[in-house]
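Please walk me through this structure. Start with how its parts meet, then turn to the side chains.

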Amino acid sequence: MTTTSHTTQPAAGISHDAVRAALSKVDDPEIHKPITELGMVKDVAIAADGTVAVAIWLTVAGCPMRDTITNRVRAAVTEVPGVRQVQVELDVMSDEQRTELRKSLRGGSAEPTIPFAEPGSLTRVYCVASGKGGVGKSSVTVNLAASMAAKGLSVGVLDADIYGHSVPRMFGASGRPTKVDDMIMPPQAHGVKIISIGMFTQGNVPVTWRGPMLHRALQQFLADVFWGDLDVLLLDLPPGTGDVAISCAQLIPNAEILLVTTPQQAAAEVAERAGSIALQTHQRLVGVVENMSWLQMPDGTRMEIFGAGGGQAVSDSLSTSLGASVPLLGQIPLDPALREAGDDGTPLVLSAPGTAAAKALSGVAQRLTTRTRGLAGMSLNISPVRR
Ligand code: ADP
């Protein structure tokens, strides 16, 4: 795909290898891989006066990243010793080129598969669930993701909350995903790749899809979105025990469930019901996060606005019914700054990391990324040796 016109004599003392080496440092802004690896360099021509003309294949016509790519190419080639001027010309890949690219991004497979469901997948997948809406499930998801990404992990968030789909706003991610054929490039914000069901609906219209359509959409988000190599994928599920939770269990059986509740007993009871779905789907419950636990008063006392003990009660009860430890991973205090940060599009763990709520959220993120995964239910990828 890449055609590079080689001159025998380096013009103006500039070698093709030097230009290519510079181009290999330019990443496609959406795929996050070098443009040289993606077959996006169409041609390099070096003139005697030190002008280097680079022709680039864009993946799609009207690519929203065309200016970014042009600037990156220009900046990189300008650095090559001897270059006096850089011209960047843009062309668009043919259908065949796009198919090739898609295939190579999928590791040689022409058919979309869910990478996280493959036996050797190293991505930890957490489905963030709650019994009812408004307990802060999306806020927790967004802050966990931002905290993990800030630690250098590669993180994705799939917002599958058909009722809320508030994740893009909380991340300040207004971009729409670009499509390369049937492959979807997720927008990125604060170092996190984000796909939301809200990016595929018109305006603020609620999603009225039924089970099979939701299942298909979820499958597409998992298989057709180019997530790259993720350390962690967080799924923001709709509240309750609905179709999406069951689809998740079917599509990514090794995904683990993280439950969010408030301290209120009534909320805890419905959270417990949502958690007990794991019994039926044979998924693992990684733990419980209690949100809105208390409000810190100026005199240092805690006002327990929604009561107390809900998170621990859910943890105890599910540990008993599942016969496995379902720990209470953290208690997040109420903090108006958390809501404001969400409204402003910068998660609290980034905008005010020193606050008690941010520290509690980062603590949960830390526990989720550093815990060792047990081997139960995991493929060891070994085969018996015949004697
Ligand atoms: P869910 O995803 O469970 O529906 P959200 O994350 O959308 O809940 O949170 C509901 C509302 O409560 C949002 O306005 C959010 O900013 C706010 N909120 C969530 N957690 C807290 C908290 N610990 N302190 C203050 N406000 C919070």
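Begin at the boundary between the two parts of the chain. No salt bridge is counted between domain 1 and domain 2. Keep in mind that this is a predicted model.

Where are these domains? The domain assignment places domain 1 at residues 4-105 and domain 2 at residues 115-377. Taken over C-alpha atoms, their centres are 39 Å apart.

Now look at where they touch. Twelve residues of domain 1 are in contact with ten residues of domain 2. Together the two domains bury about 1,000 Å². Carbon and sulfur atoms account for 63% of that area. On the side of domain 1 that touches domain 2, four residues are nonpolar, three are polar and five are charged. Charged residues are present there, yet the salt-bridge count between the domains is zero. Polar contacts do occur: two residue pairs make them across the interface. Both pairs have pLDDT 80 or more.

Next, the salt bridges. How many does the structure hold? It holds eight. One of them joins the side chains of aspartate 91 and lysine 42. The distance from N to O is 2.6 Å. Find aspartate 91 in strand E3, residues 85-92. Lysine 42 sits in strand E1, residues 41-46.

Finish with the rings. The structure holds one aromatic pair. Its partners are phenylalanine 200 and phenylalanine 221. Their ring centres lie 5.1 Å apart. The planes make an angle of 35°, and the pair is classed as tilted. Why does this pair tie together separate parts of the chain? Phenylalanine 200 lies in the loop between strand E9 (192-196) and helix H6 (211-223), while phenylalanine 221 lies in helix H6, so the pair joins parts 21 residues apart in sequence.

Note on methods. Residues are numbered from 1 along each chain as its sequence is written. This is a predicted model: local features need pLDDT of at least 70, side-chain atom pairs count only at pLDDT 80 or more; totals for chains, interfaces and linings use all residues. Side-chain values use heavy atoms; hydrogens and water are left out. Domain bounds come from an automatic or database domain assignment. Contact means heavy atoms within 4.5 Å. Buried area is the accessible area (1.4 Å probe) that two parts lose on being put together, summed over both. A salt bridge is a side-chain nitrogen of Lys or Arg within 4 Å of a carboxyl oxygen of Asp or Glu. A polar contact is a pair of N or O atoms within 3.5 Å; within protein, one must be able to donate a hydrogen and the other to accept it, and residues adjacent in sequence count only if both atoms are side-chain atoms. Ala, Val, Leu, Ile, Met, Phe, Trp, Tyr, Cys and Pro count as nonpolar, Asp, Glu, Lys and Arg as charged, and the others, Gly among them, as polar. Rings of Phe, Tyr and Trp (its six-membered ring) pair if their centres lie within 6.5 Å; planes under 30 degrees apart count as stacked, over 60 as edge-to-face and the rest as tilted. Helices (H or I, at least four residues) and strands (E, at least two) are DSSP runs, numbered from the N terminus.
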